[in-house]
Amino acid sequence: LKLFKNCKINFFQHKYTQSQLKRYTDFFNCVETNPLTEQQRRACIIDDDNNLVLAGAGTGKTSVLVARAGYLVNSGQANYNDILLLAYGKQAACEMDERIKQKLGTESIKAATFHSVGLTIISEVEGKPPKISKLAENEKAKIKWVERCFESLANAKPQYAKALVNYINNNLNDVKSGFELSTAKPNHMALLKEIKAGGYLTKLATLFSQLISVYKTANITLENDSKQIQQAWKLLKPLLANYNHYLDTQGEIDFDDMILKALDYVNTGKFISPWRYIMVDEFQDISPTRAALVKALRDSKPRS
């Protein structure tokens with residue numbers, strides 16, 4: 001009985017797809033510079049709960065996103081404000097906006113970044129936009145902050161200074177000669193001055209500035225059996241605590257917190273998604289927290 005039911009569903013799905021292919025032939029022929037292939041047209045039409053388009057670079061995945069948006073509107077299945085197009089950066093979003101304007105002849109649908117969606121969600125729930133930290137908007141400022149934090153932690157805690165020296169000696173490939181911290185009479189200030197003069201503290205701060213974001217967006221723990229990961233975690237854990245404390249005392253958030261806070265508001269029902277269709281460009285690059293936000297938005301929208 002189940003097999004018969006599945007065969008029946010597949011039959012009607014095939015019939016529907018064929019009828020739509022025929023009905024919107026002119027649209028699919030003209031929406032892009034070159035007519036869409038049959039596979040691209042099917043990707044626009046097929047409407048499962050979740051669709052994943054797998055294709056190589058340069059094969060027209062973005063064309064499918066634009067064409068699907070146009071198809072959904074032209075077929076009466078959606079209005080433009082029912083559709084959310086997500087890109088990873090401002091430049092990619094602007095390029096998609098221009099593509100939509102050229103190919104669909106409308107400015108009623110705009111591509112958004114994950115950060116702009118997070119900003120929209122938080123602003124709606126809290127009644128005002130959050131204060132974005134200058135450390136989030138200026139990578140050089142963040143690196144400088146991390147460097148100062150390394151110095152502060154190393155001067156305050158001998159064990160942290162030792163962990164800092166060990167990591168630099170063991171993991172920075174361009175260290176010409178190992179730095180030593182005397183356990184009998186440690187001179188933190190002199191050693192830090194030497195490390196800074198060699199540019200190693202800045203290099204380490206650059207690495208850990210990125211690692212803070214990786215840790216938060218991936219929602220992972222660095223506590224495992226790898227010696228290098230254990231060394232990194234000894235440095236990152238206090239650094240992360242200071243970083244979060246700094247943001248709290250300033251009343252600010254960074255872009256990673258923006259996604260996490262938006263996710264919490266959606267999961268707790270404080271924000272209900274207005275979008276019936278969510279399409280993500282370059283989905284293979286998505287982080288776990290961004291994927292969770294997309295899923296939460298999808299699940300929060302009442303099914304019609």
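**A tour of salt bridges and one buried alanine**

At 10% relative accessibility, Glu32 counts as buried, because the cut-off for buried is under 20%. Select this residue to start; the model on screen is predicted.

Arg99 is partly exposed, at a relative accessible area of 25%. Glu32 and Arg99 form a salt bridge, with 3.4 Å between the closest N and O atoms. The two come from distant parts of the chain, 67 residues apart: Glu32 sits in the loop between helix H2 (25-30) and helix H3 (38-45), and Arg99 in helix H5 (residues 90-104).

Move on to Asp47 and Arg68. Their closest N and O atoms are 3.0 Å apart, in another salt bridge. Asp47 belongs to the loop between H3 and helix H4 (61-74) and Arg68 to helix H4, so this pair ties together parts 21 residues apart in sequence. Asp47 is partly exposed at 39%, whereas Arg68 is buried at 9%.

Now select Asp82 and Arg276, a salt bridge with closest N and O atoms 3.6 Å apart. Asp82 is in the loop between H4 and strand E1 (83-87), and Arg276 in the loop between helix H13 (255-267) and strand E3 (277-280), 194 residues away. Asp82 is buried, at 12%; Arg276 is partly exposed, at 37%. The whole structure holds 13 salt bridges.

For the last stop, go to Ala232 in helix H12 (residues 227-250). What does Ala232 touch, not counting residues up to four places away in sequence? The contacts are Tyr167, Phe208 and Leu211. Tyr167 is 65 residues from Ala232 in sequence, yet their C-alpha atoms are 7.2 Å apart. Ala232 is buried, with a relative accessible area of 5%.

How values were computed: Residues are numbered from 1 along each chain as its sequence is written. This is a predicted model: local features need pLDDT of at least 70, side-chain atom pairs count only at pLDDT 80 or more; totals for chains, interfaces and linings use all residues. Side-chain values use heavy atoms; hydrogens and water are left out. Helices (H or I, at least four residues) and strands (E, at least two) are DSSP runs, numbered from the N terminus. Buried means under 20% relative accessible area, exposed over 50%, partly exposed in between (1.4 Å probe, protein chains only). Contact means heavy atoms within 4.5 Å. A salt bridge is a side-chain nitrogen of Lys or Arg within 4 Å of a carboxyl oxygen of Asp or Glu.
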